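Trainee: I would like to go through this model with you. Please tie each term to its cut-off.

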Amino acid sequence: MRKSRKVKYSGFSLLRNSLGSNFWPNIFPTPELRPHYDIIIVGGGGHGLATAHYLSSRFGETNVAVLEAGWLGGGNTARNTAIVRSDYLLDASFELKNLALQLWGTLGSELGFNLMYSPRGYIDLAHSDGELEDFILRANAMCLRGAEAKILDRHQLQKRVPQINLSESTRFPIVGGLVQEKGGIVRHDAVAWGFAKSAVEAGVDVVQNCPVTSFEINAGKVTGVRTNQGVIGCEKVLISVAGASSEVARLAGLLLPIESLNVQAFVSEPVKPALDVVVNYNAGLCYISQTDKGEFILGGATDGYPSYAKRGSFSSIEDVIVRSIQIFPFLSGLRLMRHWSGTADIPMDGNAILGSTPIENLYLNSGWGYSGFKATPAVGLLMAELLTQEKPPDLIAPFSLSRFEAGNLIDDSGTGPYTWLH
Ligand SMILES: Cc1cc2nc3c(=O)[nH]c(=O)nc-3n(C[C@H](O)[C@H](O)[C@H](O)COP(=O)(O)OP(=O)(O)OC[C@H]3O[C@@H](n4cnc5c(N)ncnc54)[C@H](O)[C@@H]3O)c2cc1C
């Protein structure tokens, strides 16, 4: 089995490389494809690469290929607003995200790659007494399950976030908030690169510019994939393509209960540190944090209609900017530097679809919409377990595709099957 050279980053290696010659090898060399793999992962985003990392590091499975249509992490992984948290009410959602939150804490050292996990705190704002009651319920549920959560009244909120506009005359006055101090942000593209580096060093083939164009299916069982580099045989396939889930599943004859909608993100010009916490303006449907480079990063809801065009509509840009200024008036003095969009794969209950499919040995990790980044290490670990141990791990069992037939939906937002309300 091919082994690539392990690359260690340190202050010494930085000094050595800065002195002239480049001693760092290419950490993602283009591998020669094998004719057959035990496992093929379609999609080289954070989730697919995390699965490859855990397959090799925890389950000793290295006869694995990750086939990526474009470049590593070029999908939603590097388009997201990088927020991680586990402040969910329902057991299934909470457990998965909380496992991830625990893993984020040590992942950088496990991968030997600086992921810049910054547990700076995540605050959800409440705008009515009724909403604050809901937050108290959620905070209690989180604490009972071993996580930390705290309710902030207006006074505590003002102390924690001095720049916030608590005026009674704003469009949606703020009455309090729920803070999870371990929530925060993680450098999103480093996550893809860190997982890829570890998997490649263990002997996994990570192949860029290699789209899967169809599946080889015989007698109801997947036996390989067709790519722009020919047919590759395999025992098992995991589809992990986020926004392209419906399209790729359709290549295998599967219709998924998913709608694909644009979600945008926005970045201001960089300024000195001014906000040391992530704030979610619930009623305004937007969230704000400041990156390590000093830029404010803003996110909002979906554009509200299905589309694969990776560009956003102007009405969403206006909505997010106007609402961000409502809670942080100082933002009005900053210029918007760039914005982009990603395709969010949103199932009818707004929760992920994980596990087997009606086609034998074809597995699915999809439906994360605009909330899957935070779950990346947990999903990778659990999908690796599923692919090697057959039985779905308890934590992903509730997320099966068959839940839609059985009516066992996981409706965190309580909005029913209306993707535009999630
Ligand atoms: C604007 C925005 C903001 C978001 N903010 C957050 C946030 O703050 N916190 C959070 O938790 N989540 C957030 N998300 C959601 C999060 O980004 C995704 O749920 C997560 O990154 C999905 O990871 P992934 O690896 O499954 O997908 P991706 O990173 O999209 O990877 C899938 C890969 O599959 C590849 N692919 C597609 N078709 C094929 C094919 N036929 N063959 C081979 N490869 C293929 C794509 O090129 C892509 O690289 C946000 C999403 C968006 C769009």
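Trainee: How many residues of domain 1 are in contact with residues of domain 2?

Mentor: 21 residues of domain 1 are in contact with 17 residues of domain 2. Contact means C-beta atoms, placed from the backbone, within 7 Å. This is a predicted model: local features need pLDDT of at least 70, side-chain atom pairs count only at pLDDT 80 or more, and totals for chains, interfaces and linings use all residues. Residues are numbered from 1 along each chain as its sequence is written.

Trainee: What makes up domain 1 and domain 2?

Mentor: Domain 1 is 33-82 + 188-257 + 349-421, and domain 2 is 119-181 + 259-347. The bounds come from an automatic or database domain assignment. The domain centres, taken over C-alpha atoms, are 29 Å apart.

Trainee: Which classes make up the side of domain 1 that touches domain 2?

Mentor: Six residues there are nonpolar, 13 polar and two charged. Nonpolar means Ala, Val, Leu, Ile, Met, Phe, Trp, Tyr, Cys and Pro; charged means Asp, Glu, Lys and Arg; the others, Gly among them, are polar.

Trainee: Why does the radius of gyration agree with a compact globule?

Mentor: The rule is 2.2 Å times the number of residues to the power 0.38, over C-alpha atoms. For 422 residues it gives near 22 Å, and the protein has 22 Å, so the two agree.

Trainee: Which residues around the ligand are the closest?

Mentor: Gly43, Gly45, Gly75, Gly342 and Gly372 are the closest of 41 surrounding residues. To count, a C-beta atom, placed from the backbone, must lie within 6 Å. The shell holds 17 nonpolar, 21 polar and three charged residues. Domain 1 and domain 2 each give at least three.

Trainee: Why is the crossing of helix 2 and helix 6 called left-handed?

Mentor: Left-handed means that the near helix is turned anticlockwise from the far one by less than a right angle. Helix 2 and helix 6 pack at about 35°, with axes 8 Å apart, and their crossing is left-handed. Axes are lines fitted to C-alpha atoms over the stretch in contact, and angles run from 0 to 180 degrees between N-to-C directions. Helices are DSSP runs (H or I, at least four residues), numbered from the N terminus.

Methods: Helix = DSSP H or I, 4+ residues; strand = E, 2+ residues; numbered from the N terminus. Contact = placed C-beta atoms within 7 Å.
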